[in-house]
Amino acid sequence: MWGGLRYYDRENYIWTTDYFYTDYSGTGVGIKAMEMAGGKWDFAYINSNDTSHSDRANGTEATMHTLHTSALYGAWDMEIALKQMPSNEFTGDNKQYATKGAEGTVIYSRDDFFFMPGGFSKFIAQAGRGLGSGDLLGANLTNTAMYRKGSLYQKTLQDTADGYKPYQSKVMEGDQSYRLFLWGGWYGANIHLLPTLSYQYNDYELGGHDSWYAASLRPVFPINEFFSIQTEVGYVKNNLIIDNVERGGTSHKVSIVPTFTVNTGMGPSPEIRILTTYVDHNLNHPLI
């Protein structure tokens, strides 16, 4: 049993892309890994707050209540979250934004590299509606969820004159989002391969939709226990259609990262990295 301020359900993390596909952090109470009906279950109530916006109709604060449960049965992890906000209004904006929402996540994990010997692999599917859509799919009102890739439309609502402030809760009751991941790792003697595929589709109640998909591959070449050469190639395609206007484009990235490892013999080994990256953007219309 636990209670208080807590990073909650952040173990669902793709570290090659720094993406928490579930992050229900906040203040609450819960039960962790309770053995029941042949599986391990989590139950939690979590309260999260949005304090970064001064244009909330009820002041500078908004609160979201989340009920979360998950069940782990062998290789399968199934999660459900129900969300509610007493108020979700903004000054100068007459839209009736969502005050409730629901979402689900299914994770299938394997101790092999996509059915081949060695490594690991994961298949992840998520879907949500209302407060479970857009940037909030798989997340509470947290700082990490604020900056991750989710809804392209919500990213266009940022206040560029006063800093980067995506409006996470600016979603409608009928908004729907779907997200898929495929990622894993294979560790050979002379090379490690870490691929990731990501996709999200958002459908908006007021009309329009957007989608994005991304692919990355991180080959790592270990030279010895003190030095390795990490590399990475990545591709992202964005597509946003609002008011019959199409925006979006593509991005490419190539990185070479010589890495020095300091083996201390205690805990994770610190690393010193020299990073060189080439990025190319090809936008047919600015997103912002």
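Predicted model: local features only at pLDDT ≥ 70, side-chain atom pairs only at ≥ 80, totals over all residues.

Student: Okay. How do S10 and S11 pair, parallel or antiparallel?

Tutor: Antiparallel, over ten bridges. S10 covers residues 176-187 and S11 covers residues 192-203. The two form a hairpin with four residues between them.

Student: Which residue is the bridge partner of leucine 182 in S11?

Tutor: Leucine 197.

Student: And how many bridges join S11 to S12?

Tutor: Twelve, and these strands run antiparallel. S12 spans residues 209-224. Within that pairing, leucine 193 has proline 219 as its bridge partner in S12.

Student: What about the hairpin of S11 and S12: which residue takes a positive phi there?

Tutor: Glycine 207, with phi near 105°. That hairpin has five residues between the strands.

Student: Switching to packing. Which residues touch the most other members in the largest nonpolar core?

Tutor: Ile14, Tyr19, Tyr21, Ile124, Phe181, Trp183 and Trp212. The core has 14 residues. Strands S9 (120-130), S10, S12 and S13 (227-242) each supply at least two residues of this core. Another core, of eight residues, lies apart from it, with Ala98, Leu131, Leu136 and Val171 among them.

Student: Back to tyrosine 19. What is it in contact with, leaving aside neighbours within four places in sequence?

Tutor: Its contacts include Ile14, Phe181 and Trp212. Tyrosine 19 also contacts Arg148, Lys149 and Arg179, among others.

Student: New topic: serine 216. Where is it, and why does it count as buried?

Tutor: Serine 216 is in strand S12. It counts as buried because its relative accessibility is 15%, and the cut-off is under 20%. Leaving aside neighbours within four places in sequence, serine 216 is in contact with Thr17, Leu194, Pro195, Thr196, Val233 and Gly234.

Student: And serine 251, buried or exposed?

Tutor: Buried, with a relative accessible area of 15%. Serine 251 is found in strand S14, residues 245-261.

Student: What does serine 251 touch, not counting residues up to four places away in sequence?

Tutor: Gly234, Tyr235, Val236, Asp280 and His281. With histidine 281, the side chain of serine 251 makes a polar contact of 2.7 Å.

Student: How many residues apart along the chain are serine 251 and alanine 214?

Tutor: They are 37 residues apart, and their C-alpha atoms are separated by 9.3 Å.

Conventions. Residues numbered from 1 in each chain as written. Heavy atoms only, no water. Pairing = 2+ DSSP bridges. Core = buried A, V, L, I, M, F, W, Y, C linked by side-chain atoms within 4.5 Å. Buried < 20%, exposed > 50% of the residue type's maximum accessible area, 1.4 Å probe, protein only. Contact = heavy atoms within 4.5 Å. Polar contact = N/O pair within 3.5 Å; in protein donor to acceptor, adjacent residues only side chain to side chain.
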